[in-house]
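Please open the structure in a viewer and follow the stops below in turn. Each stop names a selection and describes what is found there.

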Amino acid sequence: MKIVITVSLISPGGGLTKYVCTLAKILTDTGNNEVWIVTTHPSETNPELENLMQERNIRHISLSSLSKIRKYFSLISVLRKISPDVLINNYNAPTQYILPFLHRKIKVVHVLHNNTPDFYRVASINGHYVDRWIAPTPALMDYFNAYTQGIYQERVTVIPHGVEVPIVEQTQRNSVVRLAFVGVLFEHKGVKILPEIIHRLLAKKYEFHFSFIGEGILRKTLEAELQEEIRNEIVDFTGRISGEEVYRKLSNTDILVYPTHIDAFGLVIAEAMINFAVPVVTRLEGITDSLIDDNVNGYLIEQDDIDAFVAKISCLIEDKALRDRMSLAAMQKASSCFTSSVMKTNYINFINRLFV
């Protein structure tokens with residue numbers, strides 16, 4: 001089967017790029033599928049994609065150097081030439097606009113990736129040419145159906161994203177409890193409250209280390225608020241690192257602190273859980289509560305409730321038995337629901353149903 005995945009750009013560490021690489025990998029696991037990735041905007045080199053291209057013969061076609069008009073015509077030409085059985089679009093507006101010019105035998109799937117109106121707007125362009133939509137969480141399905149007034153609701157399926165199972169076993173944890181935030185250092189990820197959380201935990205005389213894993217426009221602001229903690233090696237900032245390095249960091253993390261305001265799935269939550277880190281995360285109905293069972297394998301906190309974040313993190317720091325119990329439960333939940341192998345089964349079954 002020929003499958004084309006379209007996406008605007010590839011980046012070294014973005015969640016959408018991780019998803020595209022995982023999808024390309026699981027679709028070539030069978031050995032019978034040919035996979036192309038087509039990008040329309042300037043991209044950065046991604047080592048994981050480069051490895052997949054060498055090991056799996058996945059082909060990457062970039063149209064980023066073309067003018068807007070030529071880009072549209074070239075995209076039509078590329079897709080007509082490949083003549084895929086399945087076209088999987090990931091928030092790429094040019095693909096949606098040229099759907100009327102493609103052969104109707106192509107099964108068109110659009111994957112919803114974020115809970116913002118523009119994602120739903122792009123996904124609904126030429127919607128009558130789309131065979132199915134995939135939402136990673138129930139909330140995104142509901143929000144998309146509300147945005148489109150339910151006209152496509154029979155064609156929307158929920159399939160959770162998947163993450164890699166760590167190659168190494170759980171590492172021996174240090175006596176110092178290790179906390180981490182993973183993601184872009186932007187306001188919509190709730191990072192502005194993290195310095196206050198850290199200061200309150202230190203006021204309780206806890207011994208811990210906090211890592212900010214990621215990059216973003218708020219990094220300098222956060223560093224300025226945490227100068228003393230950085231100087232005393234209580235806090236560090238890694239900047240943007242590879243997915244492999246993120247996994248290494250998470251394998252030595254006890255608690256993921258993730259006060260996000262917006263998410264579509266929370267890939268980093270699943271990555272933390274599969275690495276035995278207990279997630280303390282903002283409750284986003286139909287999104288984060290579809291990954292975490294509150295008080296069982298993590299904690300769900302109301303948005304920007306600093307008191308609650310501090311209280312739950314304090315419980316985990318003070319009670320190692322509780323931390324160990326929730327750590328194991330987090331890994332077990334992620335292993336049963338959010339691995340790339342589970343994702344593979346779900347996607348293969350979904351694609352097969354397209355042709356029934």
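**First stop: a buried threonine**

Select Thr260, which counts as buried because its relative accessibility is 0%; buried means under 20% relative accessible area, exposed over 50% and partly exposed in between, with a 1.4 Å probe and protein chains only. This is a predicted model, in which local features need pLDDT of at least 70 and side-chain atom pairs count only at pLDDT 80 or more, while totals for chains, interfaces and linings use all residues. Residues are numbered from 1 along each chain as its sequence is written, and side-chain values use heavy atoms, with hydrogens and water left out.

Thr260 belongs to the loop between strand S11 (255-258) and helix H11 (267-274). Helices (H or I, at least four residues) and strands (E, at least two) are DSSP runs, numbered from the N terminus. Next, display His188, Lys189, Gly190, Thr282 and Leu284, which Thr260 touches, not counting residues up to four places away in sequence; contact means heavy atoms within 4.5 Å.

**Second stop: the sheet**

Select the open sheet of seven strands, ordered S3-S2-S1-S4-S5-S6-S7 with parallel pairing. Its edge strands are strand S3 (59-62) and strand S7 (156-158), each pairing on one side only; two strands pair if DSSP finds at least two bridges between them. Strand S6 (residues 132-135) pairs with S7 in the parallel sense over three bridges. There, Trp133 stands opposite Val156 in S7.

Which class, buried or exposed, does Cys21 belong to? Cys21 counts as buried, at 1% relative accessibility, whereas Cys337 counts as partly exposed, at 28%.
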